[in-house]
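Please keep the viewer open while you read.

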Amino acid sequence: MTVATELRFAFDNSFVRDLPGLFVPWRPTAVEYPELLALNEPPAAELGLDPAALRSPAGVAVLAANVLPDGAAGVAQAYAGHQFGNYVPRLGDGRALLLGELIDTSGRRRDLHFKGSGPTPFARGGDGRAAVGPMLREYIVGEGMHALGIPTTRALAVVATGQLIPRDNRWLPGAVLTRVASSHLRVGSFQYARHLGDDPSLLRRLADHAIARHYPEAAASANPYLALLSAVLEAQAALVAQWMAVGFVHGVLNTDNVTISGETIDYGPCAFLDAFDAGAVFSSIDQAGRYAFRNQPAITLWNVTRLAEVLLPLIDDDTDRALEAARGTLEPFAEKFEAHWMQLMRTKLGLATADDDPLVRAYLAVLAAAGADWTGSFRALSAWLRGTDAPLLALAHDPAPVLDWAARWRAVLPDPIAAAAAMDAVNPVYIPRNHLVEAALTAATENDLGPFHKLLDAITRPFDVRPGLEGYEYAAPPEFGRYRTFCGT
């Protein structure tokens, strides 16, 4: 079968050219009845792809992984990883495939990557498939994060396979996700390259590839590999601060889920805070709370430290000097994270300088004590500045501590009305609320995509209050109960 010429995939596959040893050439497993469920037209346009062509039978055949266009890479990537602290030397794309790389309309290199396209040599006994619900979860949460300005991979499309797959003693409709990313280079990629053993040049080639692709300025540094470590540290410190500012809990921050680019990747057991709880854990498998909300900065440093360990022989031939240099590079992480986090929090509260940081910390304590809704609280504060008290009073059973803090806060604002407007520009009304995501995915599994599209419409314009979306503003009702997520992606 040939691909229609109007699809025009102009692949330029640097990963395959540069890094033999980090992939296995592979072909996806075809499906019999592909049906396009969702196509993300903005990233398609950025990639120079014609949405109409992607919706055509030939386009859907590509998005279903039934056809690899001319020039496609078609490789399963190899990587290792620490999973909940335990090192696994060989993981890799068990049910995923790198379709190839495209240069987008802004000159940026982008990966196209399948998920759920059938088993690969890294499948570890799995069926290589994915279910509709988890693939649409990745689509919707990724788009929500993108709309909030947080670096993320994005879904290009989700295609139903027309086949049922067994999951948790049930048969669920299958799907293939096509994902767009700056790259799929992970901390685990470097761990695999370092410990592979039969090609000592692979680690250096991988580091050079990562520098050229993501941090070209590091190449001019006196020590490019130390500069690479520093750049990844900065990107990850900024990323996790952004997660915390919107109440996002990734849920499975293993080293194979930490990108070198600083993009959020793999929306498996992820969730958003409703009531503020620094110890919130949503993942069903994170029983010890390793990846709890408050632990995300520390575990991010832990993950980047694993990268530092791998890079030591490139940083310096002398192990002691390499260790000293790496430690010096890692040491500022807490300061970097804190600077990003406090800046974001000051902005969310309409505050201007670091002198206001004690007031920020006091607010976090008030929220925690009240169990108040994280996302809604900031909009309640801006409404209060305009003279509308009800949302703020509704945050807690005892609103007195909240009102006491709010009075102190308003006293330091030079122009409360201007502050309210500035706050509304950065504090979302709509996020992928857990109960709304679950309702949309349940409906989609039963062939009703209406709730999915309505939720998508809300969260992709997160700052604009719109009539008819009132039900998308609020935390889950009590009957929703304690939320648990699963590694379904």
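The report below goes from the core to a helix pair and then to some loop residues.

This is a predicted model, in which local features need pLDDT of at least 70 and side-chain atom pairs count only at pLDDT 80 or more, while totals for chains, interfaces and linings use all residues. Residues are numbered from 1 along each chain as its sequence is written, and side-chain values use heavy atoms, with hydrogens and water left out.

Let us start inside. A nonpolar core is a set of buried Ala, Val, Leu, Ile, Met, Phe, Trp, Tyr and Cys residues joined through side-chain atoms within 4.5 Å. The largest such core holds 161 residues, and Phe190, Leu228, Leu229, Ile260, Trp341 and Trp409 touch the most other members. Helix H8 (residues 224-246) is the top contributor to this core, giving 16 residues; helices (H or I, at least four residues) and strands (E, at least two) are DSSP runs, numbered from the N terminus. Beyond its neighbours within four places in sequence, Leu229 has contacts (heavy atoms within 4.5 Å) that include Val304, Ala308, Ile315, Ala326 and Leu330.

Next comes a helix pair. The axes of H9 (residues 296-315) and H10 (residues 319-330) come within 9 Å and cross at roughly 150°; axes are lines fitted to C-alpha atoms, for helices over the stretch in contact, and angles run from 0 to 180 degrees between N-to-C directions. H9 is therefore roughly antiparallel to H10, a label for angles over 145 degrees. On the H9 side, the contact is made by Leu301, Val304, Thr305, Ala308, Leu312 and Ile315, and H10 brings Ala322, Leu323, Ala325, Ala326 and Leu330.

Now for the loops. Buried means under 20% relative accessible area and exposed over 50%, with partly exposed in between (1.4 Å probe, protein chains only). Two residues other than glycine have a positive phi: Ala65 at about 65° and Asn169 near 60°. Which of them is buried and which is exposed? Ala65 is buried, whereas Asn169 is exposed.

| Residue | Loop between | Relative accessible area |
|---|---|---|
| Ala65 | helix H4 (57-63) and strand E3 (75-77) | 1% |
| Asn169 | strand E9 (154-167) and strand E10 (170-181) | 85% |
| Gly107 | strand E6 (96-103) and strand E7 (109-115) | 54% |

Note on methods: Angles under 35 degrees count as roughly parallel, over 145 as roughly antiparallel, 65 to 115 as roughly perpendicular and the rest as oblique.
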